[in-house]
Amino acid sequence: MSDTNEMSGTSEQRRQFLKTSVGAAAVAIAPGMLMFDMAHGKTEAVSGKVRWGMLINTANCADCDKCVKACNKENGLSGGLSPTDSQWIRKVELKDLRTGRSLALPMMCQHCAEPPCVDVCPTGASFKRADGIVLVDKHICIGCRYCMMACPYKARSFVHEPLHDQKPDVPRGKGVVESCTMCVQRVDVGKIPACAEACPNKSILFGNLNDPNSEISNKMRTEASTQVRADLGLDTGLRYQGI
Amino acid sequence: MANHSPLRFKNRIFYTLVATGGLVVLMGLYAAHMMETHGHIITGMNNQIVWGMPHVFAIFLIVAASGVLNVSSIGSVFNKPAYKVRAPLAGLLSIAMLAGGLTVLMLDLGRPDRIIVAMTHFNSTSVFAWNIFLYSGMFAAVALYLWTMMEKRMNPWSKPAGLLVFVWRFVLTTGTGVIFSFLVARQAYGTAILPPMFIVISFAWGMAVFHVVQSSIYEWNKKLLDPYVQKRMKNLMGVLVIAAMYFVAAYHLTNLYFAKQTGFERFILLDGGVYPLLFWVGYVLLGNLLPLLLIYHPALGKSKSIVFASLLIILGGFCFLYVFIIGGQAFPLSIFPGYEVTSSFGDGAIGHYQPSLPEIMLGLGGVGIAFLITTIGIRVLDFVPHELPKST
Amino acid sequence: MNLLSDQYDGTASHSPWLPHNGNQGAGYVVLRARAILEGLSRGSFRRSLHLDLLVTVLARVTMVLVALLCLSNIASAAESNGSVAGSYGMPKLDIGKGGHCVAPPEWMRINHMKVLFKQRDETVHQGIRAGGKYSLENCVECHASLSDNSVIGRPDSFCEGCHRYEAVKIDCFECHSSKRSVALVQEVPK
């Protein structure tokens, strides 16, 4: 009759209250659960049915760094540019050595399907989520920086000093490695990454690569695009137009 | 009462050595504590050069730890009696240097408090995860080997144990080489020649460390090394140095043939500033050519030359690793071949690295650990070689 | 013959295991102290260590320290306020907004780490956020102190109070924000 936890009388009452009130609440809000999911995050796991990717049009890439600023603001980065500061996204200026043509583009984690960083991580902290987003599980990252050595795109940053005032949605700390998360905290609630939203020319197109009818899939099917360092065979989730 | 003087002298040397080693280790641990408290910002490492001086020290110690067992292998596996008596000392040195190198690596982690996580979460495709097994298995294998050699009733087992250690250290050094081989995107690495190169280099460095340690022990204990054995050992060291040079030359010459690699080779060998300097002067001249002269010149090649040559080889080893590890990172990734690249994150730019005091202290702390283990080991157990009686 | 191993010169050494025939107490200590000094002057450092005396002294010092620690613990426990449970002076916590937790407090005390571990793996690896009910962010949202908006930093902060008492280091807030998001909004001027 008495349960193993040996709860006192008041706790038993509280428990009963919770049970009945939760039951009543469930009945009341069940119709709204779908919208609740969208607003506050899914209750089932992400799956391989979706593969998130981005298409970046370098022809439209303006002379600004709004994507960088948006990423910094969304993820709580300092925005500093010293060699020890984290940069999840950066503007890269290119000039063709032979022809002299100049262009610019944003560079961040390419979210490869065959990520070298995932292969080399000793603890499995660097991992690819089922929906294609490559992340660092900062709970088990030991800070060995092997993934930083392995990444062909210099996407990863190491946190060199103690951090304060992190964004509640984006935990980051000293001694672990981090990189662009494709704003999982936004994607998981149905929004698009901050950089894609901030670009004034809509040069960054975010979408589901596995959906043949999505805007990004249609565009990739009709217009030319390439992966950066396609020779490595990593099947990146990000593709660029105009390089 | 017996004359205390030689005993007191030896005791004083021992305690002085232990105190010095202990002090160096403490400094290293203090540096690690500083790094853990304040973060890697106090070191010279940054987002371009992610592995620095601690890794130079650690990889030297680990590679030499594997190579010093060459002495034992020649004794146990290839049955040369002159080397067999040196096998226990080589085993001790191996354990000591491995312990020192691993300590430096683990303390340099961004989160050293998560070592337990590293021991319980394994990614089967990661070399680092394999290495956790290889290195701890190495300790066990060498300890087993030492036991078979030092306990009389186990002596018949020393040959199989020696074979186990021989095979294990090949696998271990290959594991060290493939850490770099598997980095496909870096121009300095990503090549299959690295594991054999590391194996042969380990032989050379291990031999050099063994010579230095053995000579010091014999000098302070008024022991004499049979000149014949000394000659054989120094010649072997010479051969190993030449073999190591061959592999390094093959690596660079092949790289020079690839058009996409010439920029990197130019940087390392010609206009990279400190890197060509360390490579040509530190590694090739002081670390290879001068020791070879000291070893093979007919007028030289005695005890002092050998110790000096060994020290130079060790110095050359550090220079080589500095160029390999840090120079390899300083050269920018080729993300957009055919383009000139600039960005706020150092794309297209040579990375700058300034070794800092905490890093050097940490690295030296690892050497101190190896030193302490060796010194105390020799004192309490029977590791010093029992020289064979001279054959007439 | 291993020259580096220590060798006795043949005189009988004082074995700690031999009976001392009544040489106990202060007089004994004085005698041994003199022996140490004599040993040092004769230059035999190892024998002069007199390991047996060292061990005895160390053991006695340790016992005294342990006794002092116990006394101080009992004293501080008597001083601090008890909770409903009452015994051993459990810490008093500032529970922030309070009210009904997502689970009963006693259950939470025992199981909150399991909840957090499971939740973190589900969220990070599978993207299950489940309305954030069991997320660390949600805990902080409710339980951050109403005075400084934080769950750590003061001896009676919600997380810190018990963790200090139990001497279990909290690792979470090196990365996770320890302040409720309302506080962040208020701190940022623009």
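Predicted model: local features only at pLDDT ≥ 70, side-chain atom pairs only at ≥ 80, totals over all residues.
Before I turn to the structure, one definition: two strands are said to pair if DSSP finds at least two bridges between them. Strands themselves, and helices too, are DSSP runs, with at least two residues of type E for a strand and at least four of type H or I for a helix, numbered from the N terminus.

Residues are numbered from 1 along each chain as its sequence is written, and chains are lettered from A and ligands numbered from 1 in the order in which they are written.

Let me begin with a sheet inside chain A. Three strands of chain A form an open, mixed sheet in the order E8-E1-E9, and its edge strands are E8 and E9, each of which pairs on one side only. From one strand to the next the twist averages 20°; here and later, axes are lines fitted to C-alpha atoms, for helices over the stretch in contact, and angles between N-to-C directions run from 0 to 180 degrees. Helix H8 of chain A, residues 215–222, packs on this sheet and touches E1, E8 and E9 of chain A, with a direction about 110° from that of E8(A). Touching, or contact, is used for two residues whose C-beta atoms, placed from the backbone, lie within 7 Å.

How does strand E1 of chain A pair with E9(A)? E1(A) and strand E9 of chain A, residues 238–241, pair in the parallel sense over four bridges, and A:Met54 stands opposite A:Leu238 in E9(A). With strand E8 of chain A, residues 204–208, E1(A) pairs in the antiparallel sense over five bridges; there A:Gly53 stands opposite A:Gly207, and A:Met54 stands opposite A:Phe206.

A residue is called buried if 20 or more other C-beta atoms lie within 10 Å of its own, exposed if 12 or fewer do, and partly exposed in between, with C-beta atoms placed from the backbone. Strand E1 of chain A, residues 52–57, has five of its six residues buried, so it is largely enclosed by the rest of the structure. E8(A) is mostly covered as well, with four of its five residues buried.

Now to a sheet that involves both chains. Three strands form an open sheet in the order E3(A)-E2(A)-E1(B), with antiparallel pairing. Strand E2 of chain A, residues 89–96, pairs with E1(B) over five bridges in the antiparallel sense, and A:Lys95 stands opposite B:Glu340 in E1(B). Helix H3 of chain A, residues 66–75, packs on the sheet and touches E2 and E3 of chain A, its direction making about 160° with that of E2(A).

Which residues make the contact between the chains? It takes 44 residues from chain A and 40 residues from chain B. On the side of chain A that touches chain B, the elements that give two or more residues are E2, helix H4 (116–120), helix H5 (146–150) and strand E6 (157–158) of chain A, and the largest share, seven residues, comes from E2(A).

Finally, chain B itself, which has 13 helices and one strand. Its C-alpha trace spans about 80 × 50 × 40 Å along the principal axes, and 49% of its 392 residues count as buried. Among contacts in chain B between residues at least 6 apart in sequence, 75% join residues at least 24 apart.

Helix H4 of chain B, residues 87–108, and helix H8 of chain B, residues 194–220, pack at an angle of about 115°, with their axes 11 Å apart. H4(B) and H8(B) are therefore roughly perpendicular to each other, where angles under 35 degrees count as roughly parallel, over 145 as roughly antiparallel, 65 to 115 as roughly perpendicular and the rest as oblique. Where they meet, B:Leu89, B:Ala90 and B:Leu93 in H4(B) contact B:Val209, B:Phe210, B:Val213 and B:Gln214 in H8(B).
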